[in-house]
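Please open the structure in the viewer and keep the sequence at hand.

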Amino acid sequence: MKIVLMIIIPLFLSGCLYVNDRGISNNYYNDCHEYYDGMGIYHKKCDKNLIEYKDVKKKIETTYDEIAQ
C-alpha cells in the first residue's frame with residue numbers, strides 16, 4: 001500500500017510543481033526581474049521558489065561537516 005501511495009502521489013502533484021534552474025516552484029516560468037540602476041550596477045531579483053537548490057546544497061554540506069567531525 002505504501003509503495004502504491006509513493007507512486008500515485010508524485011504523479012498526482014506533478015502538474016502543480018515545476019523544476020527550473022534555481023529550484024522547484026509552483027510557477028512554470030522563473031520570474032526574475034533584471035535591471036541596471038542609475039550607477040550602472042546590475043541587479044537580479046527573483047521570486048522565492050518552494051525549494052531552492054542553493055539552500056538544499058548548503059544544508060547537505062553542513063550536515064556532512066557535522067557527521068565528519
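Select residues 32-36, strand E3, together with residues 42-46, strand E4: the two run antiparallel and are joined by five bridges. Strands here are DSSP runs of E with at least two residues, and helices are runs of H or I with at least four, numbered from the N terminus; two strands pair if DSSP finds at least two bridges between them. The model is predicted, so local features need pLDDT of at least 70 and side-chain atom pairs pLDDT 80 or more, while totals for chains, interfaces and linings use all residues. Residues are numbered from 1 along each chain as its sequence is written, and side-chain values use heavy atoms, leaving out hydrogens and water.

Next, select histidine 33, which stands opposite lysine 45 in E4. Then move to the turn: five residues lie between E3 and E4 in this hairpin, and glycine 40 there has a positive phi of about 90 degrees.

Now display the whole protein chain. Its two helices and five strands follow the pattern α-β-β-β-β-β-α along the sequence. The chain is more spread out than a compact globule, because its radius of gyration is 18 Å, well over the 11 Å that the globule rule gives for 69 residues. That radius is taken over C-alpha atoms, and the rule is 2.2 Å times the number of residues to the power 0.38. Along the principal axes, the C-alpha atoms fill a box of roughly 60 × 40 × 10 Å.

Finally, colour the chain by burial: 9% of the 69 residues are buried, meaning under 20% relative accessible area with a 1.4 Å probe, protein chains only.

Methods. Buried < 20%, exposed > 50% of the residue type's maximum accessible area, 1.4 Å probe, protein only.
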